[in-house]
Amino acid sequence: MKLSVLALGLVAGLALAAPAGAQGAATRDPAQIPAGTYVVDPGHTQAVFTVNHFGFSQYTGLFSDVSGTLELQPAKPADSRLKVTIPVKSLYTPSQHMLDSLKSDKFLDVAQFPEMTFTSTKVTPEGKDKAKVVGDLTLHGVTKPVTLEVTLVGAGANPMNKKQTVGFEAKGTLKRSDFGVKAFVPAVSDEVHLVLNGAFERKD
């Protein structure tokens, strides 16, 4: 239940704070997206994780307040680079009891490990609007490679603030025990499923 990081992680789904129907202003054509440095829009970026809880349910939580930069090169996506930081204290679940447990030293140990980071090391294009992004995830004091399957959601001028915005959805899995978070494995699944939704605004 640890992660959802990430990574990042890393690239995630565009959520424009715009009126209904505004999606029409966005494009999925990389040729129309300006290259440059983009920064995370924290208000529209989330890292969601899901684990199996005792075989009875799929339990989900999320992290927010993401920060970071995306060096985006649409014409040469392999040259793109991503680095994001997620404050572990931003973790949210509907249950206060579960939230306190996840933040304790039994699981994520927020006091000792207040941040997780994801830094891309390789971007491999897989079609016009998809890529495989490999990067180093640092969580709970451990750094391991994580692979994300990334899809471009859309890009264009945000109708609200007029800033050039690009958004991605990224999906991946990891084993929490690899990062030293082993409590209740395997009753609570070792495998963590990630869905990373993020928006990035181009620096002027």
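## Exercises on a predicted model

At 18% relative accessibility, Thr-85 is classed as buried (under 20% relative accessible area; exposed is over 50%, partly exposed in between; 1.4 Å probe, protein chains only). Keep in mind that this is a predicted model, where local features need pLDDT of at least 70, side-chain atom pairs count only at pLDDT 80 or more, and totals for chains, interfaces and linings use all residues. Residues are numbered from 1 along each chain as its sequence is written, and side-chain values use heavy atoms, with hydrogens and water left out.

**Exercise 1.** Find the place of Thr-85 and list its contacts beyond four places in sequence.

*Solution.* Start with the strand: Thr-85 lies in strand 5, residues 81-87 (strands are DSSP runs of E, at least two residues, numbered from the N terminus). Next, look for contacts (heavy atoms within 4.5 Å). Thr-85 meets Asp-65, Val-66, Ser-67, Glu-115, Met-116 and Thr-117.

**Exercise 2.** Work out how confident the predictor is along the protein chain.

*Solution.* Take the average to begin with: the mean pLDDT (the predictor's confidence in each residue, from 0 to 100) is 89, and 88% of the residues reach 70 or more. Then check residues 1-22, where pLDDT is below 50, although this stretch has 115 contacts in the model beyond near neighbours in sequence. Where pLDDT is low, predicted coordinates should not be read in detail.
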